Amino acid sequence: MASPYEALDLTPDATVADVRAAFRRVALANHPDKLPPGTPADAVAACAARLDAAVLAARLLSDPLRRAAFDARAVQLEVRTEGRVSDTVAFADFSLAGNAAEAANAAEYEYECRCGGAYVVVGRPASTVHAECDTCSLVIAVMP
Ligand SMILES: [Zn+2]
């Protein structure tokens, strides 16, 4: 399986905003509803697989603690960076962002940061995830 960076065609120094932009680009190019009529079934399946990989990659790379752990391949780092979490927010307090017509599992949800920036979660989380503000570097825990 491709690394999350490869799935989104990003380099490891990509910012949160880069991850969001890359995810939108891949989602738009591979969404089954956006393919021309008559696209062969194997091409549709390949696009669906790329979209699924992009959703997982965006979730991982948008979660600063999981991303740090992935980058370092070290659980210790994840524990240490847990101290960066400044607040806990219920997913119910997030609102749907941008184009609501996108597939449900690929939709972006936003929550406004006190700095005026936004925390973004891709898809409805199944367990607690972390989100980093796209403007300052605050991190919150998001409860499903
Ligand atoms: Zn902020």
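Analyst: Two strands count as paired if DSSP finds at least two bridges between them; the model discussed here is predicted.

User: What makes strand 3 and strand 4 a pair?

Analyst: Five bridges join strand 3, residues 108–112, to strand 4, and the two run antiparallel; because the cut-off is at least two bridges, they count as paired. Within this pairing, Tyr111 stands opposite Tyr119 of strand 4.

User: Why are strand 2 and strand 4 said to stand at the edges?

Analyst: The open sheet has three strands in the order 2-3-4, with antiparallel pairing. Strand 2 (95–97) and strand 4 (118–122) each have a single partner strand, so one side of each is left without a neighbour in the sheet. From one strand to the next, the twist in this sheet averages 40 degrees.

User: How do you know that strand 1 and strand 6 pair, and in which sense do they run?

Analyst: Strand 1 and strand 6, the latter covering residues 139–143, are linked over five bridges in the parallel sense, and since at least two bridges are required, they count as a pair.

User: Where do the strands fall along the protein chain, relative to the helices?

Analyst: The protein chain has five helices and six strands, and from the N terminus on the elements run α-α-α-α-α-β-β-β-β-β-β.

Note on methods: Residues are numbered from 1 along each chain as its sequence is written. This is a predicted model: local features need pLDDT of at least 70, side-chain atom pairs count only at pLDDT 80 or more; totals for chains, interfaces and linings use all residues. Helices (H or I, at least four residues) and strands (E, at least two) are DSSP runs, numbered from the N terminus. Axes are lines fitted to C-alpha atoms, for helices over the stretch in contact, and angles run from 0 to 180 degrees between N-to-C directions.
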